[in-house]
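Here are my notes for you, as a friendly walk through the model. Keep the structure open beside them and look up each residue as you read.

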Amino acid sequence: MDTHALADQRSTFSSKGVWLVALGAAFWGLGPLFRVLVLEYLTSTQIVLLEHLVLLVFAAPIVWKHRAELKGANWKHWGALLFVSWGGSVMATIMFTEAFATGNVNTVLLLQKLQPLFAVILARFLLKEKLPNRFGYLLAVALIGTYLLTFGWSLPQGTMNDVVGMSSLLALGAALLWGGSTVMGRFMLDKMQYETVTALRFLLALPLLFVFTWSENASWSVPPSEYGSITFYIILQAVLLGLFSILLYYRGLSETKASYATLAELSFPLVGMMMNWIVFNQVVTIAQLTGFVLIWVALFYVSRQQ
C-alpha cells in the first residue's frame, strides 16, 4: 500500500475506533483466568515466552507478506517498535509484577492509574495532538472512576516509604511504558498497517524474552498428565488474549487519537472487576459500580468527540 495513502487513511478518526480499542483492552481483563491455571507449573516469563512462540506462527508470515513496509522505516520507526515490543509488552509487565511482589499493593495500583496522564502528555508533545477543551474533565472523570474501582471510598493505606520506595518507581516506570506504548503504537500506524505492527510487536519481543527466561533459570518440569491442559490454556491465551485482542486494539488505534485511546483502555480494569464478581464471587460495592458508570460515561463522550 502507498505510504501517503496509508497516512491519509490513518488520519481519519472515527468513534468506532474508540470502541474497538476498548473491546481489545477488555479481553486483557480475562488474562488472569487463564494464567492462574498455569502459574502453578511455569513462571510468568515462561508463559509469556511460550505465548509469543505460538504467535510466531502468525507473526512471521505477516511480516514477510508486508516486508515492503519495512523498507522505508527509519531509526524513529524502529525505536517506536522496540518501545512498544520491549517496553510495553515485556519490561512494563515485569516491572509491574515486581512492584506487586515487593511493595504496598494499594500504592502500586494507585501509581499505575497515572498511565493515562503519561499517554496524554506524550501524545501532546510527540504526536502534536490537539485536545478538545473538555478533555481534561473527561480524563478526570475516568481517573476518579478507576480509583473507585480499585479503592472504593477509602484512601489507600501506606507509609511515606511506600510512596518513595523502589516498588513505587517500578510502578511509575510500568505506567510510563504502557502509556508511551499507546503513543508509539499510534505513531507507527501512520507508517504501517495494523497487522504489520501487531506482528512486529510479537516478533521483536522474542529475543528479549529468551534472555529473561534463560537468566531466570527456572524449571520447565511439568507433570505429563498436565501437558494437554497447559498447552490448551497457553494457546487459548495466545490466540484470544494475545492475537485477537491486539488486532482489535491496533485496528481501533489506527482510527483513534492516542490520548483518547488511553481512556478506552480503562475497559481493562472494568472487565477485571466483572471477572472478580462472576468467577471469584467477590462482592461488587456501590463505589465500584459508581466507578464503572463514571468510566463508561467518559468513554461515551470521548467517542462522541472523536
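1. In which helix does Thr262 lie? Thr262 lies in helix α13, residues 258–264. Helices here are DSSP runs of H or I with at least four residues, strands are runs of E with at least two, and both are numbered from the N terminus.

2. Before going further, a word on the source. This is a predicted model, in which local features need pLDDT of at least 70 and side-chain atom pairs count only at pLDDT 80 or more, while totals for chains, interfaces and linings use all residues. Residues are numbered from 1 along each chain as its sequence is written, and side-chain values use heavy atoms, with hydrogens and water left out.

3. Back to Thr262: is this residue buried or exposed? With a relative accessible area of 1%, Thr262 is buried. (Buried means under 20% relative accessible area, exposed over 50%, and partly exposed in between, using a 1.4 Å probe and protein chains only.) Setting aside neighbours within four places in sequence, Thr262 is in contact with Gln115, Pro116, Ala119, Val120 and Thr182; contact means heavy atoms within 4.5 Å.

4. Now the whole protein. The protein has 15 helices and 0 strands. Of its 306 residues, 48% count as buried. Take the contacts between residues at least 6 apart in sequence: 90% of them join residues at least 24 apart.

5. Next, how helices pack. Two packed helices are described by the angle between their axes and the distance between the axes. The axes are lines fitted to C-alpha atoms, for helices over the stretch in contact, and the angles run from 0 to 180 degrees between N-to-C directions. Angles under 35 degrees count as roughly parallel, over 145 as roughly antiparallel, 65 to 115 as roughly perpendicular, and the rest as oblique.

6. The crossing of α2 past α12 is left-handed, a word used if the near helix is turned anticlockwise from the far one by less than a right angle, with right-handed used if clockwise. Where they meet, α2 brings residues including Leu20, Leu23 and Phe27, and α12 brings residues including Phe244, Leu248 and Tyr249. By class, this contact has 12 nonpolar, 4 polar and 2 charged residues. (Ala, Val, Leu, Ile, Met, Phe, Trp, Tyr, Cys and Pro count as nonpolar, Asp, Glu, Lys and Arg as charged, and the others, Gly among them, as polar.)

7. Stay in α2 and find Gly17. Gly17 counts as buried, at 0% relative accessibility. Apart from neighbours within four places in sequence, Gly17 is in contact with Gly252, Glu255 and Thr256. Gly17 and Lys257 are 240 residues apart in sequence, but their C-alpha atoms are 9.0 Å apart in space.

8. Helix α4 (residues 44–65) also packs with α12: the axes come within 9 Å and cross at roughly 60 degrees. That makes α4 oblique to α12, and the crossing is right-handed. Leu50, Glu51, Val54, Leu55 and Phe58 in α4 meet Ile234, Ile235, Gln237, Ala238, Leu243 and Leu247 in α12. This contact divides into 9 nonpolar, 1 polar and 1 charged residue.

9. Look at Leu55 in α4. Leu55 is buried, with a relative accessible area of 4%. Leaving aside neighbours within four places in sequence, Leu55 is in contact with Phe202, Ala238 and Leu243. How far apart are the C-alpha atoms of Leu55 and Phe202? They are separated by 6.8 Å, although the residues are 147 apart along the chain.

10. Finally, the rings. The structure holds 7 aromatic pairs. (Rings of Phe, Tyr and Trp, the last by its six-membered ring, pair if their centres lie within 6.5 Å; planes under 30 degrees apart count as stacked, over 60 as edge-to-face and the rest as tilted.) Trp19 and Trp296 form a stacked pair, 5.6 Å centre to centre with 10 degrees between the planes. Trp19 lies in helix α2 and Trp296 in helix α15 (residues 286–305), so the pair ties together parts that are 277 residues apart in sequence. Trp19 counts as partly exposed, at 31% relative accessibility. Ring pairs link Trp19, Phe292 and Trp296 into a cluster.
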